[in-house]
Amino acid sequence: MLSRTRLSREKNLWAFLLRPVCPESAKLAIVGLGPRGLGILERLTAPYDRHKHNYDIDLYLIDPGFHPRQGTHSSKQNAHLLINTVACQITMFGDDTVKNYGPLRTGPGLLKWTNQRGYRRMPNNQYLITTDKASEEIQENDYLPRSILGEYLKWV
């Protein structure tokens, strides 16, 4: 068991958490694999190189949801339930502002991903994968349905 005193004195929390329990492996559990849990998983695994560290990491991923990797943004939610952040501000990938913590894994943010997948805004403000000429490309300040964010998180 880890005491609060020991944890607060540790200079590098990640190094402390990932230290090998035995010489061959380190064990770590992440509870909840919504956006935050996935972000933590990505940052913990990005700098890991088994040959460099000479040990394995045993990851236990615990997600009690009905739709793993989506958190509270289920792809099965009704389309009228919207995300409270505009599309251009959502991504599960790091950028060049992440410093001194391993290689970056790049990929599309939600806005680019939806447009690449063919999602479009219909005249009635529904968002569908369509080639309908009456539809419009999703814009950076659109508030998208939570179900689309759930699909993105599942894809990530």
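Just after helix α5, Gly118 takes a positive phi of about 95°.

First, the basis of the presentation. This is a predicted model, in which local features need pLDDT of at least 70 and side-chain atom pairs count only at pLDDT 80 or more, while totals for chains, interfaces and linings use all residues. Residues are numbered from 1 along each chain as its sequence is written, and side-chain values use heavy atoms, with hydrogens and water left out.

The protein chain contains six helices and five strands; these are DSSP runs, numbered from the N terminus, with helices being H or I of at least four residues and strands E of at least two. Along the sequence their pattern is α-α-β-α-α-β-α-β-β-β-α. Of the 156 residues in the protein chain, 31% are buried. Here, buried means under 20% relative accessible area, exposed means over 50%, and partly exposed lies in between, with a 1.4 Å probe and protein chains only.

Let us turn to α5 itself. Its buried residues are Leu110, Leu111, Trp113 and Thr114. Seen down the helix axis, these buried residues fall within an arc of 165°, so they line one face of α5; the arc is that of the directions from the helix axis to the C-beta atoms. The face turned away from the buried side carries the exposed residues Lys112 and Gln116.

What do the buried residues of α5 pack against? They pack against β3 (119–121) and α6. The axes of α5 and α6 come within 11 Å and cross at roughly 95°. That makes α5 roughly perpendicular to α6. Axes are lines fitted to C-alpha atoms, for helices over the stretch in contact, with angles from 0 to 180 degrees between N-to-C directions. Angles under 35 degrees count as roughly parallel, over 145 as roughly antiparallel, 65 to 115 as roughly perpendicular and the rest as oblique. The contact, meaning heavy atoms within 4.5 Å, involves Leu110, Trp113, Thr114 and Arg117 of α5, and Ile148, Leu149, Glu151, Tyr152 and Trp155 of α6.

I come now to the aromatic rings. A search of the whole structure finds five aromatic pairs. Rings of Phe, Tyr and Trp (its six-membered ring) pair if their centres lie within 6.5 Å; planes under 30 degrees apart count as stacked, over 60 as edge-to-face and the rest as tilted. Trp113 and Tyr152 form an edge-to-face pair, 5.5 Å centre to centre with 65° between the planes. This pair links distant parts of the chain, with Trp113 in helix α5 (residues 110–117) and Tyr152 in helix α6 (residues 146–155), 39 residues apart. Both Trp113 and Tyr152 are buried.

Trp113 also forms a tilted pair with Trp155, at 6.1 Å centre to centre and 45° between the planes. Trp113 lies in α5 and Trp155 in α6, so this pair ties together parts that are 42 residues apart in sequence. Are these two tryptophans buried or partly exposed? Trp113 counts as buried because its relative accessibility is 4%, whereas Trp155, at 38%, counts as partly exposed. Ring pairs link Phe93, Trp113, Tyr119, Tyr152 and Trp155 into a cluster.

Asp142 is found in the loop between β5 (136–137) and α6. Asp142 is buried, with a relative accessible area of 10%. Leaving aside neighbours within four places in sequence, Asp142 is in contact with Thr85, Val86, Ala87, Arg121 and Tyr127.
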